[in-house]
Amino acid sequence: MAKAEQNPSDDQEVMKGTSAVAKGVMAANPDVVSAYPITPQTGVVEKLSELVADGQLDSEFIKVDSEFNAASTCIGASAAGARAFSATSSQGLKLMSEPLFTAAGMRLPIVMAVANRSLSAPLSIWADHTDAFAERDGGMMQFHAEDVQEAIDHVLMGFRVAEQVNLPVLSNFDGFILTHVQEPADIPTEEEVNEFLPPRDPEYTLDPSDPKTMGAFARPEHWTEARYEIQRAMEDSKDVWAKTTEEFKEVFGRDYTEYNGMLETYHGDADYRLVALGSMCGTIRKVIDEYRAEGVDVGLVRPRVHRPFPTEELREALGDAEAVGVLTKEMSPGYESALAGEIKGTLYHAENQPPIKSFVVGMAGRDVTASDIGAMIEETMEASHPMAFDEQESWPQLREELLADGGD
Amino acid sequence: MSSDLQDQDFTDEVEHDEELWNPGHRACAGCGPALAMKYITEAAGENTIISQPTGCMEVVSTPYPESSWGTSYIHNIFENGASVASGIEAAYKSFDRRDPDHLDVEDSEDLNIIAVGGDGATADIGIRALSGMMERGHDVLYIMYDNEAYMNTGVQRSSQTPFGASTTTSPAGQESIGNDTNKKDMTSIAADHGVEYVATASISNPHDFKQKVEKALEIDGPKFLHVYSPCPVGWSYESSKTVELAELAVETGLFPVFEMEDGEITSVNQIRDRKPVREWLELQGRFKHLFDGEEPSEEAIEELQAWIDERAEDLGLDA
């Protein structure tokens, strides 16, 4: 599917990514939206506030004092039984981190659109995935969109799955690359969304006519089980997500069902397979076309879902590759990139373990060009077992002349 | 290893009788804040949702799978009691306006949403959440129960700890008379946010405190109450003297009891023959070092007395 070549159909509108996501949120008709600005997310909450001001959306719109309290007000609203939404990026997601972990522990469905951006320091407003990965272990489901359409659709599917498994969702889409792009997209109507997404029907709320205590503290006798329930809910969410993508396809016609909705592939049975998240996959497809035209059998496996981790699907999608190249916009200082490490861990008990090279690229908005991708394909083709630790991962875009030692 | 109690199934319906703050909680003997919880629930009644940040009252009341609360109750984290309450209030506004039949909830007109936090959770780490809640005008009553330090973690100094108190992070010593700041004025902070009704109360006068809770709950929008609640463990006094110490704090003017409406002081519980603060200090172990007869200690007592006198004059506290 060559997405970039689509022409806008009659049903499509061309608008900024953040506005398109906001319109999708409007169609989901949340009870409560908590809003705080941060670049590059701001457009989402700006657009939502505009829709409220124009009477098109009648959510309670809380203009909070911080992302910390954006998450906290969503927690209160969700506990009361409301459908709650917020959006953030980078430092804002960091500030939400403490309450978001508890939203998972208290099993409160909240959907957050995360316009991915690097974490300080140095300060930067541009895209990478260090913000999303820093929240990896909190118990939030995480999706990564490749284009604006997916950014809209993941939010809608996010509500559907979150409200069934009672977990919060981080719906990631790359800052600037997707937030500020003008792309044709189908904006779901409220009628369509009503068919797909029923009103929230929570099992427990704070309704005072049936008093409940929420957020009790757990001693060692109970804590493990409470957190294990998150693990189980994540496992359960895989089936729910797979069904959700099927239902979504029936209502909207857009097909995200490949590999149970967890992965999307492009020449997925190729000898050499790249793995990447989010928007850079558009460029990767183009480069793959060029290399395939030259007779190189290379393809792409793109995880749509990062939590729950698509373990079985990745084993199937990568197990028989000659070699795998993981292109990732995050790092784990002191080890290797988290995505590469997770993929290796996933394949450890699989039948085959293809050699895996990882590449840290596109950090803080550095463009990942076609020639960068070509070089990484070629390096992946040379990968073989065994590898020394310092051969496993490379930083192909590193400008060595800027390093403190001048690269010596 | 787990006890029989922990193996018991508490998940069935529990009969709350008429109590909304039930016995069996783990508060210490003579706990002032536990009395405050009793009075708050008595005044607010059943149709109430409590949001409580982390702290003594949360920990003593909700060890899973037990709960002392007969009202709906939520604890999230230390610094967001006010914003969790804000979110609850927003949810109910949405239900009322958009879909009153969707959830089987009481009419939010009669619903009381109350956030109840300790002094650290309110005046220190939670002040951002509180400020936002008050500034945005949520229909929430915020009650700060003040025991003048971080008691849950072992008596560390907060911005409500009085001058001269020895705590585990403001210990008295060769070079220290204990805590070196006066209590942060939370009522002025609340009033300056435009909060319509702001008041102080002491657990030594339950009738007055409960009346203020009831009065506050009649008002739409944010309300702020500061309730004085001594802690026998943190202050180091005999647990039978909690009410006495709370009353003495009022009688010395260390804790003035008053109401503010629309930013103006509208009532002050005036005191005839205000007692010297020394009488209150000498009953508590946390001020023991101030009675060593040394010069710096005398000066510290005088400094605290001067701060009290100045506030008393501002408030017209003396009858």
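A crossing of two helices is left-handed if the near helix is turned anticlockwise from the far one by less than a right angle, and right-handed if clockwise. Keep that in mind for the first stop of this tour, which goes through a predicted model.

**Stop 1: two helices of chain B**

Select helix 4 (81-98) and helix 6 (127-136) of chain B. The crossing of helix 4 of chain B and helix 6 of chain B is left-handed. Their axes come within 6 Å and cross at roughly 35°. To see where they touch, show Gly81(B), Ala82(B), Ser83(B), Ala85(B) and Ser86(B) on helix 4 of chain B.

**Stop 2: where chain B meets chain A**

Now colour the two chains separately. Chain B puts 46 residues into the contact, and chain A puts in 42 residues. Which elements of chain B give two or more residues to the side that touches chain A? They are strand 1 (48-52), strand 2 (72-75), helix 4 and helix 6 of chain B. Helix 4 of chain B supplies the largest share of that side, 13 residues. The side of chain B that touches chain A has 18 nonpolar, 20 polar and eight charged residues.

Next, select strand 9 (residues 213-214) of chain A together with strand 2 of chain B. These two strands run parallel and are joined by two bridges. Pick Thr213(A): opposite this residue, in strand 2 of chain B, stands Tyr73(B).

**Stop 3: a hairpin in chain B**

Stay with chain B and select strand 9 (residues 258-261) and strand 10 (residues 264-268). The two pair in the antiparallel sense over four bridges. They form a hairpin with two residues between them. In the turn, Asp262(B) has a positive phi of about 50°. For one bridge of this pair, show Glu259(B) and its partner Ser267(B) in strand 10 of chain B.

**Stop 4**

Move to chain A, which is divided into domain 1 (3-252) and domain 2 (261-402). The centres of the two domains, taken over C-alpha atoms, are separated by 27 Å. Between them, 31 residues of domain 1 of chain A are in contact with 20 residues of domain 2 of chain A.

On the domain 1 side, the elements that give two or more residues are helix 5 (130-134), strand 6 (141-144), strand 7 (169-174) and helix 8 (220-252) of chain A. Helix 8 of chain A gives the most to this side, with seven residues. The classes on the domain 1 side are 14 nonpolar, nine polar and eight charged residues.

**Stop 5: Ala350(A)**

Finish at Ala350(A), in the loop between helix 11 (338-347) and strand 15 (356-360) of chain A. Why does Ala350(A) count as partly exposed? Because it has 16 C-beta neighbours inside 10 Å, while a buried residue has 20 or more and an exposed one 12 or fewer.

Leaving aside residues up to four places away in sequence, Ala350(A) touches Arg315(A) and Gly319(A). For a distance check, select Thr189(A), 161 residues apart from Ala350(A) along the chain. Their C-alpha atoms are separated by 43 Å.

Methods:
Residues numbered from 1 in each chain as written. Chains lettered and ligands numbered in written order. Predicted model: local features only at pLDDT ≥ 70, side-chain atom pairs only at ≥ 80, totals over all residues. Contact = placed C-beta atoms within 7 Å. Nonpolar A, V, L, I, M, F, W, Y, C, P; charged D, E, K, R; others polar. Pairing = 2+ DSSP bridges. Domains from an automatic or database assignment. Axes fitted to C-alpha atoms, helices over the stretch in contact; angles between N-to-C directions.
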